[in-house]
Amino acid sequence: MQLELRLPAAGTHANGGPRRLVLGLPPLFFGALAEGRRLRLSEEGRFIPQAQKFRLAPDAHVGVAAYRRGMTTSPNNLVVETEGLTKRFGHRTVVDDVRLAVPRGVAFGYLGPNGAGKTTLIRTLLGLTSASDGEMRLLGLPVPARRAEALARVGAIVEEPRFHGHLTGRENLEIVAAARGRKAYELIDSSLEEVGLTARADDRVKTYSLGMRQRLGIARCLIADPELLILDEPMNGLDPAGILEFRGFVRSFVGRGRTIVLSSHLLDEVEKTCDYIAIVDQGKIVVQGAIADLQANGRPSALIETGETARTRTLVAAHPAVELVSDNGNGLRVTLRDVDALPDLNRRLVDAGLDVYRLEPIKPSLEQRFLEVTTRLENAA
Amino acid sequence: MSTLALELPNRRLISADLLKLRKRRGLVLVTALLTIGVVVIVNAVSETLHLIDPMKHGPVGGVTMLGHISWAIAALAAVAAAIVGALAGSGDSDAGVYRELAVTGRSRLSLFLSRIPAALAFVVPFVAVAYALEAGASVVFAGFHPQPSTYLLTVTGLWVMLSAVFYFLLAYGLASVTGSRAYSIGIVLAFRLAVTPLIAQIASLGVVRELLPGVALDNLTPTALGTAARQGPTIGMSVAATAAVLVVWAAAALVVGGWRDTSRDT
């Protein structure tokens, strides 16, 4: 159930609109309203009927935290939702029936190889190109119907951030602030400080390095005081120190209860930076969920090194628990249907007279999972 | 923010668009040269020649010189305005910043509309100063020539300004359609300086020539200036027809430019 409260003039939204709160609340809440009871917001940030206390839905604290920032929350706590989202260019389907669900307050990685349709999905979500089919909601608001309202609370970088090179970093932010509203101007200094560009803020952007432009792009997003950041390949052009710094920024941003969706083809970075992930291939989402869950669901594998690789390959491939055998440097990488088959595999190798130098089970990794679900594995096989 | 507020350009948005233009040193220099610079140079050279040899070179003031130099200002201010219009219409796209502005949720129509007053606020002062200098020179250095009346100075000034504003709007709309500064400037200048005079000379085209904005602007030349401020043949048009031609051209450029700007994939 969903309730929308328009709040009195204690302040205004960052973009000038009225404060508003939409909460997903249990039926009891509506029962209280139906009975005409008055509600108050407790110090702990809970709505309490004056005559009777009740329990909020488990995720309601998120809505209250958001209310304190003057924001709107989605009743189902998803900041990005798509259903059957499709984008075609002529006969080519670039985004194919995508059903995406990004929970609030996480770093969400949209991972896929180059050309998988990551940027097109982001452009479609942001209204930079129209969808061919399907539905989208940003921060609980349907887009494109309420695109302007939704985007007022979204910061985004699509592909590399671009600027007017003849203007300073601060002036570039002022231009976007002019489009966003008065509150955005007030956040320029703090945003520049947050990305470490205060000292160079009054230099022309054409003198900035690629890494500095990336940081300025983040600052440009932050002046929106966004609930949701959508970043397209944000690690491109960053040096190792910059990547480390960016990772810290992501965790800090998410730590404030906000959400980041970042697209990347850099599997390692997504694994280190994100909590949730969707793996996309040829425009389709092939798997999505918490990274820890995906890793746990990955198929077990092992590295095997013996004195005779060719014979080993034949023996191992014949084992019923072995799904795939591939070369791995001096030995073989074996994907198993069942990790418990490993001792039996070892026994067969020894019985065949092979000297086993290495037999090492590998913890399922996101990389392995990624390769399993994308067509790269098919191509490699 | 209300939907209406998102649709309409506000003062901050216009100031931001003005900032983009006035911070371009090259653009400031070229615009100043094509407007104020031309007036200063022509007057300085003419007055120097007059002082050196007054029998051969007349004074730089008076009605006739006002006509000649106002024609030059109108022509070159139109060039400057076309450059500014093309830059305003394609600047964000060229720099790749248009997408960054579009994702703020601000309506594209608002972004399109805000650039018009901003660019006019940039180019109009240059044209105004250039014409003010010429108006002053035409009075101060009139010598034995008749001085222009206040009315003539005013209508000539308005005519010069109209020419600049019209070609700005044309270039702005065109640049919004093509997304290319270079193509837009080239097309507008070719149309203004070559195609219009050429077509205007083809008498067999008859009233069709009246559809050209250059012909319409020629028709608005103050009659007191005589032929001094005219470029092509006289093609008689009513004021209403003249106004209609200019309004339709400008409106068409803005509507098509606005449609393209608000509907393109970015």
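Modeller: A salt bridge is taken here as a side-chain nitrogen of Lys or Arg within 4 Å of a carboxyl oxygen of Asp or Glu. By that criterion B:E100 forms a salt bridge with A:R220, and their closest N and O atoms are 3.2 Å apart. The count of salt bridges between chain A and chain B is 3.

Please note that this is a predicted model, in which local features need pLDDT of at least 70, side-chain atom pairs count only at pLDDT 80 or more, and totals for chains, interfaces and linings use all residues. Residues are numbered from 1 along each chain as its sequence is written, chains are lettered from A and ligands numbered from 1 in the order in which they are written, and side-chain values use heavy atoms, with hydrogens and water left out.

The contact (heavy atoms within 4.5 Å) draws 38 residues from chain A and 29 residues from chain B. Between chain A and chain B, about 2,800 Å² is buried, and carbon and sulfur atoms give 53% of that area; buried area is the accessible area (1.4 Å probe) that two parts lose on being put together, summed over both.

Between chain A and chain B, 8 residue pairs are in polar contact, both residues being at pLDDT 80 or more. Such a contact is a pair of N or O atoms within 3.5 Å; within protein, one must be able to donate a hydrogen and the other to accept it, and residues adjacent in sequence count only if both atoms are side-chain atoms.

On the side of chain A that touches chain B, at least two residues each come from β5 (78–89), α4 (147–151), β11 (154–157), α5 (169–180) and α6 (182–186) of chain A. Helices (H or I, at least four residues) and strands (E, at least two) are DSSP runs, numbered from the N terminus. The element that gives the most to this side is α5(A), with 7 residues. Sorted by class, the side of chain A that touches chain B comprises 17 nonpolar, 9 polar and 12 charged residues. Ala, Val, Leu, Ile, Met, Phe, Trp, Tyr, Cys and Pro count as nonpolar, Asp, Glu, Lys and Arg as charged, and the others, Gly among them, as polar.

As background to this side, chain A has 15 helices and 19 strands. In chain A, residues 24 or more positions apart account for 65% of the contacts with a separation of 6 or more.
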